Amino acid sequence: MDTSSIGAQGTKTATSPSALPRLGASTGRAKAELSGLSRQRIRTAWLFLTPMMIGLAFVAGWPLLRTIYLGFTDATLSSIDSYSFIGLENYLVYDNGHWYGLLADGLWWKSVWNTLYITVLSVSIETVLGVLVALILHAKFPGRGLVRAAILIPWAIPTVVSAKMWGWMLHDQFGVINDLFMTLHIISEPIAWTVNPDTVLGTIVAVDVWKTTPFMALLTLAALQMLPKDCYEAARVDGIHPLKVFFKVTLPLIKPALVVAVVFRMLDALRIFDLVYILTSNSEDTIVMSVYARQALIDFQQIGYGSAASTLLFLMVFGLTLAYIFATRLKLDGSGDH
Amino acid sequence: MSSIEFVKLDKVYKGLNNFHAVKGVDLSIKDGEFVVFVGPSGCGKSTLLRMIAGLEDISGGDMYFGSRRVNTLAPKERGIGMVFQSYALYPHMSVYDNMAFGLSLEKASSQNIDEKVREVAATLQIEHLLERKPKELSGGQRQRVAIGRAIVRQPNVFLFDEPLSNLDASLRVQMRIEIIKLHQRLKTTSIYVTHDQVEAMTMADKIVVLSQGRIMQVGSPLDIYNSPANTFVAGFMGSPNMNFIQVTANGSQLAAATCDVPRSFEVPFQHQGAATLGIRPEHIELTPQPGALQLECQVSVVEHLGNETLLYLNTDVSDQPLVVAVAGEKSMQIGEKLSVYLPPQCCHLFDANGDAIARLATTKPN
């Protein structure tokens, strides 16, 4: 049915012989009514969105833009009001036969390496552990509810608290870990876990895994509970080995949820700060990007340089997340599995 | 191929109430038979099927496939193929992979698997769907795939758990016929669970009517229809339901129990005391019959089904309206008075416990 016939229907009651111009007017009004309705819906949408957008602009948009801008200046904490625009000098500059700036700083690159090392290792291990824990929690056993609640404790403790706690447990002289390992004859002499360059990154990863495995387990458990039960009965009737069922049925079906969980954890791990800072303070062995930025901003009072570091951190997180989303073809619009 | 034998089979769900789902079921199913378990929801028919599949533990009694006791055998060792009500297809796999998934572990060569899958797909006319995912299929197509997945493994026993109940009416009839044809071709022992008595009547070699975990009657569809063993089977099988009238029997003379004026008529049964007279709506006549009980009625509801007309009649012999099925179209006014006739050879008589009383003469209902 074309528009003229709609118009004709609209003017069916009209007895006027000059139907043609009225027909046009009628279609025009129908359009106006339709767009009037959608205009109202658009207006309502804006009404709901505006307060949030204003809030976000203040708490996220403005600081971000300000940080990016300050990264192009020579601002310091002592002269926060008088600074000048220096272009890309905070990032990279050639002066007197030497390269200066963030991209020429070995410590910055060390912090990038440490961050990536912690992220990749920690997220991989906690994903595997999280799935294992979730599979156990998904099974039926007495006291399941209690175990499900208990397993969440590491995730519920604030990182500052758990980092301090682990700091004491890992203490080279008084720590329970050394005592335990000595008693079990796993090590022959106490190890300064958080100081020894050989063990410190591994220690940080271990504590991070301890803390965040419950998160992965919880998201995986939620995904497991959504799985169609009858498929598993069909697999049992067909006599398919449980391991094959896990890899061929369970894993593909919970993959969308796992991918989202990994995105969350990756975002978190890339900007890891509190755990590293509390366990190892400003140690250069364990420096990560956030700690580097904090050092420049607070300890050295170089607002401009620190802002440049923060901007690079932001770009790194942004870029890696985008790359991951594209690599896994994750659909954030909720249009089903991939 | 396999025959199946149940001996005093029991199923108790351990819990607060210790729900007794299946109570002492004895049954033997012949090799190649198509058996339908029918009953209202909660009667234990699905539990029984899942016990055969090995998805539910057996609490008591024995189950034999042929001469092999299978009580403790894992599902895969029983050689069964099962079709679920919800299809239970793997949502992330193509139709092909769904069908091939169960085969790949049997160490069959990939070419062999491919041949089998394509052969079964051709049988079920789903060849063109092999590359699709389940969500891209209609309900009927999914059901075919689910059946295909069961067939492709060439099981000894097929189990169907209400496979057609998610389909619309016309598709259900079509799939029903296809499953029957398939059984005629494959001749595999099949057990089919349904709550739909039409499916039971049309598909079964043998119907098992269950209620509250017990077998009420086992028999061919016509046995069940013509000689229901008790009031439960009589009332459950047949649509519209059989009419029941409370009567008092004195030898072969019956008198309506609730009727003010006792009228008696002679039936081919021998019984003393309270009893229930049953007669199917399609056996009640509107014209005088020799020896028939004449009842004066008033029309309360008329249902026109096109091929037949259902009359709901108020009588003085029962609180329940008497339902009469008349072939073709019949115009009747609400409140209209008429006489109906109950032919004695079409009547069923049940004792106070609801069990059928044996018919005396060899006269069979028509």
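Me: Let's start with helix 4 of chain B. What covers its buried residues?
Reply: The cover includes strand 6 (80-83), helix 2 (95-101), helix 3 (110-123), strand 7 (157-161) and helix 5 (169-186) of chain B. Covering goes by contact, where the C-beta atoms of two residues, placed from the backbone, lie within 7 Å. Helices (H or I, at least four residues) and strands (E, at least two) are DSSP runs, numbered from the N terminus.

Me: Before we go on, what should I know about the model and the numbering?
Reply: This is a predicted model, where local features need pLDDT of at least 70, side-chain atom pairs count only at pLDDT 80 or more, and totals for chains, interfaces and linings use all residues. Residues are numbered from 1 along each chain as its sequence is written, while chains are lettered from A and ligands numbered from 1 in the order in which they are written.

Me: Thanks. Back to helix 4 of chain B: which of its residues are buried?
Reply: Arg142(B), Gln143(B), Arg144(B), Val145(B), Ala146(B), Ile147(B), Gly148(B), Arg149(B), Ala150(B) and Ile151(B). That makes ten of the 13 residues, so helix 4 of chain B is largely enclosed by the rest of the structure. Buried means 20 or more other C-beta atoms within 10 Å of the residue's own, exposed means 12 or fewer, and partly exposed is in between, with C-beta atoms placed from the backbone.

Me: And what span should that helix have?
Reply: At 1.5 Å a residue, helix 4 (residues 139-151) of chain B should span 18 Å, and its end C-alpha atoms are 18 Å apart, which agrees. The expected span is 1.5 Å times one less than the number of residues.

Me: Nice. Now chain B overall: how many helices and strands?
Reply: Eight helices and 17 strands. Chain B has 366 residues, of which 39% count as buried. Its C-alpha atoms fill a box of roughly 80 × 45 × 45 Å along the principal axes. Among its contacts between residues at least 6 apart in sequence, 65% join residues at least 24 apart.

Me: Where do the domains of chain B run?
Reply: Domain 1 covers 4-231 and domain 2 covers 240-350, with bounds from an automatic or database domain assignment. The C-alpha centres of these two domains of chain B lie 39 Å apart.

Me: What about the domains of chain A?
Reply: There, domain 1 is 3-7 + 19-70 and domain 2 is 105-327. Their centres, over C-alpha atoms, are separated by 43 Å.

Me: How many bridges join strands 1 and 2 of chain B?
Reply: Seven, in the antiparallel sense. Tyr13(B), for one, has Phe19(B) in strand 2 as its bridge partner.

Me: And the sheet with strand 15 of chain B, which strands are at its edges?
Reply: Its order is 15-14-13-16, again an open antiparallel sheet. Strand 15 and strand 16 (337-342) of chain B are the edge strands, each pairing on one side only. The twist averages 50 degrees from one strand to the next; angles run from 0 to 180 degrees between N-to-C directions, with axes as lines fitted to C-alpha atoms, for helices over the stretch in contact.

Me: What's in the hairpin of strands 13 and 14 of chain B?
Reply: Three residues lie between the strands, and Gly306(B) takes a positive phi near 90 degrees. Strand 13 (residues 293-304) and strand 14 (residues 308-314) of chain B pair over six antiparallel bridges, and His304(B) has Thr309(B) as its partner.

Me: Last one: how many residues of chain B contact chain A?
Reply: 16 residues of chain B are in contact with 15 residues of chain A. The chain B side divides into eleven nonpolar, three polar and two charged residues. Here Ala, Val, Leu, Ile, Met, Phe, Trp, Tyr, Cys and Pro count as nonpolar, Asp, Glu, Lys and Arg as charged, and the others, Gly among them, as polar.

How values were computed:
Pairing = 2+ DSSP bridges.
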